[in-house]
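Thank you all for making the time this morning.

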Amino acid sequence: MLRTDRVKPAKAQVLLGLALFFCLLYLPARAADTTPPVKPVVTDDGAYTSSSNSLHARWSSSDPESAITGYLYSIGTSAGTTNVKGWTAITAAEVTVTGLSLSTSYTYYFNVKAKNSAGLWSAVGSSNGIKYNRQPVISIFKPVDRSSFTEGDAISLYACATDADGDARQFQFSVDGVVKKPWSNSTSTCSYGSTYGTATSYSWQTGSGNSGYHKLKVEVRDNKVPPVFKEINIFIYRKPSGPP
Ligand SMILES: [Ca+2]
Ligand SMILES: [Ca+2]
């Protein structure tokens, strides 16, 4: 009787000790983060993209109490939606999505939510939207490549460009990398097959000292997506010095 009475309290002490030990082990886990990460700030590539099949965005989020362990992103035609690409897991804070078939009729929004190490998800952050827009197409650029002239000729540069979105076009002409006529609005309409474009011209008055090869360049922009250009090479003969 006396012997068993002594063993019982000892057992209880061991159990109490074990319980305390596991409590201490468990407490820090219970003190883990209980608030989600901040709503991600999502940035796309601007107001317009000239790519018909890819979109890119980057984002940032943070959590004062714990680490960000990953994100979900989606793409939709209004903020928060997933009709272009459904929620997709990613650990990077940036993505380029390819294989898309973008329409000029819609604005595309990236949506992102961040997860912290406690498993909590942030609110959804969205980009301000990006549209697909087509670059102008230079259909005519005169003179013809490899034309030849003589010193003293006024060389007429003429460019006609279309824009499938109907955006207004601006033109810039350069000779040997030097701008001769800076960005200016198109001044006339032009036709190229069945499509109508707008045109601008510039007359380069050559003189003595201009003999040799030259590069003529036209650039066209719609002020939405990057400009396009065409370049041609011409040759100017030295003016023969005739008899007095
Ligand atoms: Ca938190
Ligand atoms: Ca355009």
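Predicted model: local features only at pLDDT ≥ 70, side-chain atom pairs only at ≥ 80, totals over all residues.

Asp176 is found in the loop between E13 and strand E14, the latter covering residues 178-185, and its phi is near 50°, a positive value in a residue other than glycine. As background, most residues other than glycine have a negative phi, and most peptide bonds are trans.

Both parts of that background matter for the loop between E10 and E11, where we find Arg146 and also Pro143, with E11 itself spanning 148-150. The peptide bond that leads from Lys142 to Pro143 is cis, with an omega near 5°. Arg146, for its part, has a positive phi of about 70° although it is not a glycine, and because it has 10 C-beta neighbours inside 10 Å, Arg146 counts as exposed. Ser147 lies in this loop between E10 and E11 as well, but with 14 C-beta neighbours inside 10 Å, Ser147 counts as partly exposed. Ser147 and Ile236 are 89 residues apart in sequence, and yet their C-alpha atoms are 8.7 Å apart in space.

Let me now step back to the whole chain. The secondary structure of the protein comes to 1 helix and 18 strands, and buried residues make up 24% of its 244 residues. If we take the contacts with a separation of 6 or more, residues 24 or more positions apart account for 66% of them.

Turning to the sheets, in what order do the 4 strands of the open sheet that contains E10 run? The order is E10-E12-E16-E15, and the pairing is antiparallel. Its edge strands are E10, at 137-142, and E15, each of which pairs on one side only. Neighbouring strands of this sheet are turned by 35° against each other on average, with direction ignored.

E15 and E16 form a hairpin with 2 residues between them, and Gly193 in the turn has a positive phi of about 65°.

There is also an open sheet of 3 strands, in the order E1-E3-E6, again with antiparallel pairing. Here the edge strands are E1, at 41-44, and E6, at 94-97, each pairing on one side only. E1 pairs with E3, residues 55-60, in the antiparallel sense over 4 bridges, and Ser60 in E3 is the bridge partner of Val41.

Which residues of the largest nonpolar core touch the most other members? Of its 14 residues, they are Ile138, Ala159, Ala161, Phe171, Val218 and Val220. At least two residues of this core come from each of E10, E12 (154-162), E13 (170-175), E17 (212-221) and E18 (228-237), and E12 gives the most, with 4 residues.

Leaving aside neighbours within four places in sequence, Val220 is in contact with Pro136, Ile138, Ala159, Ala161, Arg169, Phe171, Pro227 and Val228. Finally, a second, separate core has 13 residues, including Phe110, Val112, Ala114 and Ile130.

I will stop there and take your questions.

How values were computed. Residues numbered from 1 in each chain as written. Chains lettered and ligands numbered in written order. Pairing = 2+ DSSP bridges. Axes fitted to C-alpha atoms, helices over the stretch in contact; angles between N-to-C directions. Buried ≥ 20, exposed ≤ 12 C-beta atoms within 10 Å, placed from the backbone. Contact = placed C-beta atoms within 7 Å. Core = buried A, V, L, I, M, F, W, Y, C linked by C-beta atoms within 7 Å.
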